[in-house]
Amino acid sequence: MFLVTGATGNVGAEVVRALTAADQKVRALVRSSRPAALPTGVEAVAGDLNRPESLAEALAGVRGVFLLPGYEDMEGVLAEVRGAGVERVVLLSGSSAGSGDTGNAVSAYMIRSEDAVRASGLTFTILRPFGFMSNALRWRDQLRAGDVVREPFADLAVAVVDPADLGAVAATALLADGHEGRTHVLSGPQALRPADRLGILGAALGRDLRLEALSRDEARAQLSAEMPEQYVDAFFDFYVEGSLDESQVQPTVRAVLGREPRTFEQWAAAHADAFQ
C-alpha cells in the first residue's frame, strides 16, 4: 500500500495513476469526504498534514509515501511516517531548493522540508522540478473569454516538466531500488517562454492565441491578489532580480524511465479538452 498526499492535484494525481498502472494499492490522504476525482479502487482516508497526530489511520500498513512539502511541522509528519513502519518517502520539492537561499520564502520551505526528510532516518528520494506544464491550466478562464492571455514574467524560459513524467519518476523511486538518498532534478525536453507554450497550446486548440506581457507593476498587483506578499517577493526574486540556470534541461526522466520526457506539444494535445 502506498499513501499519496495531494492525490487530486496535478502532480499527485499522476503519482496515483503511475502506481495503479503498476498494480499497486493506493491510498489518498484527504481532508474529509472522498473527492470525486479519485479513480475507482483508490482508498481515501482523512488526515491533515498540518496535524501529524491525525495521520495514524492513513499510514497504517503503508510501505511508501509521496509527500508534499511546506507543512507547519514536517518533522512531526515524518516522525509519524517513520513510526508507522513506512519504508520509503518521495518528497516533492523544487529546483530553487538547490540555491540554499532561506531568505526566499518559497526556497525556504522547500529547503526546510528537504532537511526534515534527510534527518528523519527514512529512506528517501527528493524530486526537484523546474516547473510544471500543467501551470498552463491557469490560463483557462482567460481563454474561455477570448484569445489573449496576459502573463507575468513573459521573457523567462522554463524547462517545465509534464506531471505525468514526474508521477512516473515518483512511482519508480517508491517501487525500485537505486534511488535511495538521491535528489532528482526534473525537466522537460526544452526551455520555453510563456508565448512559446501559448502558441503550442493554440495549435492544439486550433486557435490563434496571443500573449500580452504584464508590466512589472501589473505582475505584482496580479500576484498580490493571489498569494501572500512574501511569496510574491519570492517569485520576483526568481524571475526578475535573479534568473534560472541556463542549463535547465536535465537527463533525469530519460535516465529513470528509459524514454524521452514528454514535450509540451504532447501535454497540450492530451489536455486540450480542459480549455474548452
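**Overall fold and selected residues of the predicted chain**

The chain contains 11 helices and nine strands, where helices (H or I, at least four residues) and strands (E, at least two) are DSSP runs numbered from the N terminus. The model is predicted, and for this reason local features need pLDDT of at least 70 and side-chain atom pairs count only at pLDDT 80 or more, whereas totals for chains, interfaces and linings use all residues. Residues are numbered from 1 along each chain as its sequence is written, and side-chain values use heavy atoms, with hydrogens and water left out.

The C-alpha trace spans about 50 × 40 × 40 Å along its principal axes. A compact globule of 276 residues would have a radius of gyration near 19 Å, and the value for the chain, 19 Å, agrees; the radius is taken over C-alpha atoms, and the globule rule is 2.2 Å times the number of residues to the power 0.38. Of the 276 residues, 49% count as buried (buried, under 20% relative accessible area; exposed, over 50%; partly exposed, in between; 1.4 Å probe, protein chains only). Among contacts (heavy atoms within 4.5 Å) with a separation of 6 or more, 70% are accounted for by residues 24 or more positions apart.

The accessible surface of the chain comes to about 12600 Å², and carbon and sulfur atoms contribute 45% of this surface; areas come from the Shrake-Rupley method with a 1.4 Å probe, and for residues only the protein chains shown count as cover. There are 26 positive and 37 negative side chains, the centres of the two sets lying 4 Å apart. Lys and Arg count as positive and Asp and Glu as negative, with His and the chain ends not counted; each charge is placed at NZ of Lys, CZ of Arg, CG of Asp or CD of Glu.

Arginine 197 lies in helix H7 (residues 194-205). This arginine is buried yet has no salt bridge (a side-chain nitrogen of Lys or Arg within 4 Å of a carboxyl oxygen of Asp or Glu). Beyond neighbours within four places in sequence, arginine 197 is in contact with Trp139, Val158, Val160, Leu192 and Phe264.

Positive phi values in residues other than glycine occur at aspartate 23, near 65°, and at phenylalanine 153, near 55°. Aspartate 23 belongs to the loop between helix H1 (12-21) and strand S2 (26-30) and, with a relative accessible area of 71%, is exposed. Phenylalanine 153 occupies the loop between strand S7 (148-151) and helix H6 (163-175); its relative accessible area is 15%, so phenylalanine 153 is buried.
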